[in-house]
Amino acid sequence: MSTMHAPVTLTIDGRPITVSEGTTIWEAARQLGIDIPVLCHDPRLPPVAVCRVCAVEVKGARVAQAACIRRVEAGMEVRTHTDQLTRVRRMLVELLLADHPIPCAKHEKNRDCALELLGEQYGLLPVSSGERERTRAAAPAPHQSRGRLHDRGGTIRVRPRVLEDGHDLSSPVIAVDHHACILCDRCIRGCDEIQNNEVIGRTGKGAQTRIGFDLNLPMGQSTCVSCGECAAVCPTGALMHKPLTIDVPLSETKAVDSVCPYCGVGCAITYHVKDNTIVQVSGRESPVNHGRLCVKGRYGFDYALHPQRLTVPLIRRAEFYPKGPLSKDVRGEDGRWQRKPGGIVDYAEVLPAFREASWEEALDLVASRLKQIKDRYGPGALAGFGSAKCSNEEAYLFQKLVRAVFGTNNVDHCTRLCHASSVAALQETIGSGAVSNVFADIQYADVAIVIGSNTTENHPVAATFFKQAAKRGTTLIVIDPRRPALADHAHYYISYKPGTDVAFLNGLMHVIIAEGLIDADFIARRTENFAALQETVKHYTPEVVEKLTGVPAEQVRTIARVYGRAKNAMIFWGMGISQHTTGTDNARCLISLCLMTGNIGRPGTGLHPLRGQNNVQGASDSGLIPMVYTDYQRVDTPQVREKFEKAWGVALDPKPGLTVVEITHGALHGTIKGMYMMGENPFLSDPNINKVRKALANLEFLVVQDIFLTETAEFADVILPAASFPEKEGTYTNTDRRVQIGRKAIDPPGQARPDWQIICEIATRMGYPMHYHSPEEIFRELVSLSPNLAGLSYAKLGTSGELWPCPDPHAPGQSVLFTDSFPKGKGKFVPAEFMPAKELPDAEFPFVLNTGRVLEHWHTGTMTRRAKALDAIEPEPFVEIHPEDLSTLGLQDGDWVRVSSRRGTIVLKVRSGNRTQKGSVFIPFHFREAAANLLTLDELDPYGKIPEFKFCAVKVEKVREQEDLAAASAA
């Protein structure tokens, strides 16, 4: 909680100022617009006063004081610029310049090396490039000084930089020049205190001291996660971002504030643009990320400039019917393997099946074919997959098109594959699928549970706040069968058998009830059905839970007591909870755990399912799901339907539509005839790919709208080129419910168009005119139909966005929900019994497969595998197996193996890892050449209709040498 500080009045350079107690002199001077130089300090870092360049005179003090660390006192009189201070600062800068390459790479490129700027300010360096050349020509003979050239006069002589052993270029994204380092420790503190990764330290002694990565490894071989924070805070050219597109000074670029296009954290970013090219991305201050970024947000932007971008509409050639997969990888029969570098679609294999077309021809064909199917088979024969990568405005228009023009509720998107079960449970128990508190509220929690979430890889910037909270005293409990990196920062880590979530959580509730740790008053006032829950969990003693889950009974008791005794406790969860056939039951248990302890409705409490995609929250808010319109208003509620019929001017289908997997099944069995897919790639994202392949080929008509020719597009009749994220404007809603504006930074290539414009064209051609002038106009319509969005406008959103609900347009949105009541009245306890997974290991398939993401890639890799830096860091698929299992199988790290389930086979390299339990394997699902979803099960959770991505039975076999050679030869 924030602490109230008394006001303190002082004078700085004769000017009075009143600031809060605890403010430093440097901060107070900054508020007055007085510039006190610093080298080691950054406003986001705690001060350490290493460089002493910020020294000031304080009346009554015997020596100069470091302004960055000295706190103000009442009546203090400070002088920041005197002759004596200038002499001291000049001497300190001169000493640092003596061992500094001049110009360093940062100053040579951007003229913003903080040390060299001070050198120029104090007359130690010439200011302009012309003066540099004159100084070089006229300078007297230099002498050696600590390995650097130094003039005998008062000016440091400029010398060309030479490549010596102090350069480390091993990282794909950051260049290290130890010669330019002034040992200010900003990089160490940025790594430790902002990102909380703790990779960088000091190594060596005396004059040989320098920054080091881990145990003095090259940066690219260390545990560095390439977040770029060190380069962002470095004041010199010691750590610099490598150019990924064109290499120009940032001073020559245009800054465009926007939002990161990757995960649900929704970090605020600034694009730096020149000549319609994104040159660099930097983090900016916002309530979400406070300037922090991860490797994807900072270095994953160049996908938009990839030469494979779609630029013209494409129509399938007549000779490529009947439809089917076009590339070898997508066609791939079970067990087929090709050792093929890179994992993106080979356009040479696919493009011959299509011809270029005008927009008029392509749009007319799309509209006429969809209308023909509707007229012939009825509205229910059509369906649409929207995208959580698109904006709120585009999601709203897409579902409006499907409902008002197609005449069906068969519309869904990837929420069905991530948190559909969480939303189902939240709607059932408290009446809202929204997170109750923002993730930064963890700073106010006494205890935080993070369960089923590999936060450091899926939501890296959110993870920095979790790690920071743990350092500051929040008891962090991490629970996951596969050990996430966040467990290294946790006070408790629990690993149970895969698929036993319900048993473990029921065990916690059993102990909390048995030991009287419940909040009886809260239960009585604000909940119902507690007796039913109590009856269910009484059988889950810690000893029974130990047999079911493998977690020792005493550990169950310990975790229950720590959570149950907390004054304020939060629960975060990810897809390790939701992506199960029992996902809704898992979420029900977490909600019950929260309700029985009264941990909701206050800062530092509540429920937060961490949303995956950048706009999966917003797409759901905008109605891109089959059973609700915008703001979760049910399609089968007559008064709600009448409201939307009046707004849209057409009769609407009263029946909830089909979900993602149900639509795919419908295509396979011939009940779904035509589909419109905007920004979705179900061929790789959906379970049981062999079935998806047959379903896509069975569609009478498919239109795919995307920025690249995806695996799914191989089955399309028409492909429409869309604008990518930085090429259009729109709003996006992050996991906190914060709505933010993504602004256009560059123009789309060729004839590519924003998705919202394409949707309008198709609707209009199908006989339902849609005419909007801007995304802002669409947003106003969305808000007018969505009670929880009332009060929001583009003007209100500004540069930092706003949380919903925001009932007062003149006040901030609500960061904490359910303070006094729940949308459904009383919160409902819904008990759940433990049930085993649908497919268990056996003698033939002895391992449990778990799928998920890696830090550098996103979903099906359509964007990240076309981002040079991201693909360089993690270029190929792998299966992670416990070392003891490797030994049993006769395998070594790096061997090629065949992983098979009852549905398919893939071949990939093995990676030894202690994070994965014995008896389990982990495969990331980003890689088309070893598509994990060839193996997964398409059984559904009966409530959320989410498929089982986290548990199926597989076997692992070594690829024999002769098969290896034959496969390589075939490739």
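**Close-up views of a predicted model**

**View 1. Surroundings of helix 29.** In this predicted model, the buried residues of helix 29 pack against helix 12, strand 29, strand 30, helix 28 (755-765) and helix 30 (794-797). Helix 29 spans residues 775-784, and its buried residues are Pro-775, Ile-778, Phe-779, Leu-782 and Val-783. Because these buried residues fall within an arc of 140° when seen down the axis of helix 29, they line one face of the helix. Arg-780 and Ser-784, on the other side of helix 29, are exposed.

View 2. Three strands form an open sheet with antiparallel pairing, in the order 29-30-31. Strand 29 (730-733) and strand 31 (802-803) are the edge strands, each of them pairing on one side only. Strand 29 and strand 30 (residues 738-742) run antiparallel and are joined by four bridges, and Thr-733 has Val-739 in strand 30 as its bridge partner. Helix 12 (residues 392-406) packs on the sheet, where it touches strand 29 and strand 30, and its direction makes about 95° with that of strand 29.

**View 3. The largest nonpolar core and a separate one.** The largest nonpolar core has 151 residues, of which Leu-239 and Val-899 have the most contacts inside it. Helix 15 (residues 460-471) gives the most to this core, contributing six residues. Leaving aside residues up to four places away in sequence, Leu-239 touches Ile-174, Ala-175, Val-176, Cys-187, Ile-211, Phe-213, Met-219, Cys-230, Ala-231 and Cys-234. Another core, of 113 residues, lies apart from the largest one, and among its members are Ala-357, Ala-367, Leu-517 and Ala-560.

Technical notes: Residues numbered from 1 in each chain as written. Predicted model: local features only at pLDDT ≥ 70, side-chain atom pairs only at ≥ 80, totals over all residues. Heavy atoms only, no water. Pairing = 2+ DSSP bridges. Helix = DSSP H or I, 4+ residues; strand = E, 2+ residues; numbered from the N terminus. Contact = heavy atoms within 4.5 Å. Axes fitted to C-alpha atoms, helices over the stretch in contact; angles between N-to-C directions. Core = buried A, V, L, I, M, F, W, Y, C linked by side-chain atoms within 4.5 Å. Buried < 20%, exposed > 50% of the residue type's maximum accessible area, 1.4 Å probe, protein only. Arc of directions from axis to C-beta.
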